Structures are given as structure tokens and as C-alpha cells.
Amino acid sequence: MLEGKAMVEDTDMPVKMQAQAMSAASRALDRFDVLDYRSIAAHIKKEFDTIHGPGWQCVVGSSFGCYFTHSKGSFIYFRLESLRFLVFKGAAA
């Protein structure tokens, strides 16, 4: 596992789900090159789809902007090492 701790910037997820998101990110970083954002994001999304049902989205990078609508209790934005992670379940507007 990577050294260093994830720092939550914003969330409305339950604590257990937050821990799952950060653990999934850590596992993805152990598995993929740190610059392979797409594979890292896909790994996290697939893990959340499996555990919590379909409809999860994940954005990974060092700098990005976004605008989205999410289901209540399904959003987290955190940093781990030099990367930022956004995980959420999409919702109809």
C-alpha cells in the first residue's frame, strides 16, 4: 500500500463508505501507474458498482473541474498522494 494518508476535502458519504473509497483508491494506485488515471478510475468505479450497485462514477487526476448531480449520501472528494479523487453515484437532475 502507498504510504501517506488520504485527506477528505468534502463528502456526504457514510464513514464506512468513505473508508471503502479511500481503500479502493490505495489498491488502484498499488496496481496501476500513478499517471494511468483512466485505469485507476475504472478500478474504483467497478469496485463500487460491485459493492453498492451500478451507477457509480469516478474522476481521478491532479487537476480537474466538474459539475454534476449526485444521489444523497454518495459523494466523496479526497486527495491521496499527489492525486485527487471524486467518487459519486449519479442522479437524475
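Trainee: What is the handedness of the crossing of α1 and α2?

Mentor: In this predicted model, α1 and α2 cross in a right-handed way. A crossing counts as right-handed if the near helix is turned clockwise from the far one by less than a right angle.

Trainee: Why is α1 called oblique to α2?

Mentor: The two helices, α1 and α2, pack at about 140 degrees, and their axes lie 9 Å apart. Angles over 145 degrees count as roughly antiparallel and 65 to 115 as roughly perpendicular, and the rest, once those under 35 are set aside as roughly parallel, are oblique. The angle of α1 to α2 therefore makes them oblique.

Trainee: Which residues of α1 and α2 meet?

Mentor: Among them are Met 17, Ala 21 and Leu 29 in α1, and Ile 40, Phe 48 and Ile 51 in α2. The residues of this contact divide into ten nonpolar, three polar and three charged.

Trainee: What makes β1 and β2 edge strands?

Mentor: The open sheet has four strands in the order β1-β3-β4-β2, with antiparallel pairing. Each of β1 (7-11) and β2 (56-61) pairs on one side only. From one strand to the next, the twist averages 15 degrees.

Trainee: How do you know that β3 and β4 pair?

Mentor: Pairing takes at least two bridges, and seven join β3 (residues 70-80) to β4 (residues 83-90).

Trainee: Which strands does helix α1 touch?

Mentor: Helix α1 (residues 15-31) packs on the sheet and touches β1, β2, β3 and β4. Helix α2 (residues 37-52) also packs there, touching β2 and β4.

Technical notes:
Residues are numbered from 1 along each chain as its sequence is written. This is a predicted model: local features need pLDDT of at least 70, side-chain atom pairs count only at pLDDT 80 or more; totals for chains, interfaces and linings use all residues. Side-chain values use heavy atoms; hydrogens and water are left out. Axes are lines fitted to C-alpha atoms, for helices over the stretch in contact, and angles run from 0 to 180 degrees between N-to-C directions. Contact means heavy atoms within 4.5 Å. Ala, Val, Leu, Ile, Met, Phe, Trp, Tyr, Cys and Pro count as nonpolar, Asp, Glu, Lys and Arg as charged, and the others, Gly among them, as polar.
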